[in-house]
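Subject: Structure handover

Hello,

Here is the structure for your files. My notes on what was found in it follow below.

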Amino acid sequence: GPPPSTPPPAEGAPTPQGNSFGVHDHDVLAGRGAFVNAHPGNKRFRAWAVERKERFDQGSYSEKRAMAQEIVDLVRALVPPGRFLKRIANRTMPIKDTSTGQWIMPP
C-alpha cells in the first residue's frame, strides 16, 4: 500500500528550515561542554544509558547493539520525536544555547 503519511509536527515542535533545525528538549545534541551536557535530551539519553550500563558491560556484541538501538528507538518515539543533531561548525560562536549557530541531522 501507500507509505504512511507523516503526521503534522506537534505544537511547539521545530520545523526543518533548509538544512538546519530548531532544537527541542527531546533532541540529543552531539558535542562537548556544559551546554550540551545540560540539554534535557542529552540528560534523558544519559539516564537511559546509565540504566543499562551494567547489562551493557556484561553483554555480548549483539546484546550491546540491541541496547544501543533500544535507546535510539526510545529517543525517536518521544512526542515530538527526538533527533540526533550535530552543530554546524562555527568557531566564532561558542555553544551557549540552541539559538547559537545551526543544528543539522548528520547523514
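Which residues make up the largest nonpolar core? The core consists of Val-23, Leu-29, Phe-35, Val-36, Leu-85 and Trp-103, six residues in all. A nonpolar core here is a set of buried Ala, Val, Leu, Ile, Met, Phe, Trp, Tyr and Cys residues joined through side-chain atoms within 4.5 Å. Buried means under 20% relative accessible area, exposed means over 50%, and partly exposed is in between, with a 1.4 Å probe and protein chains only. A second, separate core has five residues, among them Val-28, Trp-48, Val-75 and Leu-78. In soluble globular proteins, nonpolar side chains tend to be buried together.

Some conventions before the rest. The model is predicted, so local features need pLDDT of at least 70 and side-chain atom pairs count only at pLDDT 80 or more, while totals for chains, interfaces and linings use all residues. Residues are numbered from 1 along each chain as its sequence is written, and side-chain values use heavy atoms, with hydrogens and water left out.

Helix H2

Helices (H or I, at least four residues) and strands (E, at least two) are DSSP runs, numbered from the N terminus. H2 covers residues 40-58. It has 19 residues and reaches 28 Å from its first C-alpha to its last, close to the 27 Å expected at 1.5 Å a residue; the expected span is 1.5 Å times one less than the number of residues.

Gly-41, Asn-42, Trp-48 and Arg-52 are buried in H2. The cover over the buried residues of H2 includes E1, helix H1 (34-38) and H3. Asn-42 has a relative accessibility of 7%, so Asn-42 counts as buried. Not counting residues up to four places away in sequence, Asn-42 touches Asp-27, Val-28, Leu-29, Val-36 and Asn-37, where contact means heavy atoms within 4.5 Å.

Arg-44 is also found in helix H2, and is partly exposed at a relative accessible area of 26%. Leaving aside neighbours within four places in sequence, Arg-44 is in contact with Asp-25, His-26 and Leu-78. The C-alpha atoms of Arg-44 and Ile-71 are separated by 10.0 Å, and the two residues are 27 apart along the chain.

Salt bridges

How many salt bridges does a search of the whole structure find? The search finds four, a salt bridge being a side-chain nitrogen of Lys or Arg within 4 Å of a carboxyl oxygen of Asp or Glu.

One of them joins the side chains of Arg-83 and Asp-27 at 2.6 Å, N to O. Arg-83 lies in the loop between helix H3 (61-77) and strand E2 (84-87), and Asp-27 in the segment before strand E1 (28-29), so the pair ties together parts that are 56 residues apart in sequence. Both Arg-83 and Asp-27 are buried.

Arg-52 meets Glu-51 in a salt bridge of 3.4 Å, N to O. Glu-70 and Arg-52 also meet in a salt bridge, at 3.2 Å, N to O. Glu-70 lies in helix H3 and Arg-52 in helix H2, so this pair ties together parts that are 18 residues apart in sequence. Salt bridges with shared partners join Glu-51, Arg-52 and Glu-70 into one network.

Aromatic pair and cis peptide

The structure holds one aromatic pair. Phe-45 and Phe-84 form this pair, which is edge-to-face, with 5.9 Å centre to centre and 80° between the planes. Rings of Phe, Tyr and Trp (its six-membered ring) pair if their centres lie within 6.5 Å; planes under 30 degrees apart count as stacked, over 60 as edge-to-face and the rest as tilted. The pair links distant parts of the chain, with Phe-45 in helix H2 and Phe-84 in strand E2, 39 residues apart. Phe-45 is partly exposed at 28% relative accessibility, and Phe-84 is partly exposed at 24%.

Finally, a cis peptide bond with omega of about -5° joins Val-79 and Pro-80. Pro-80 lies in the loop between H3 and E2.

Regards
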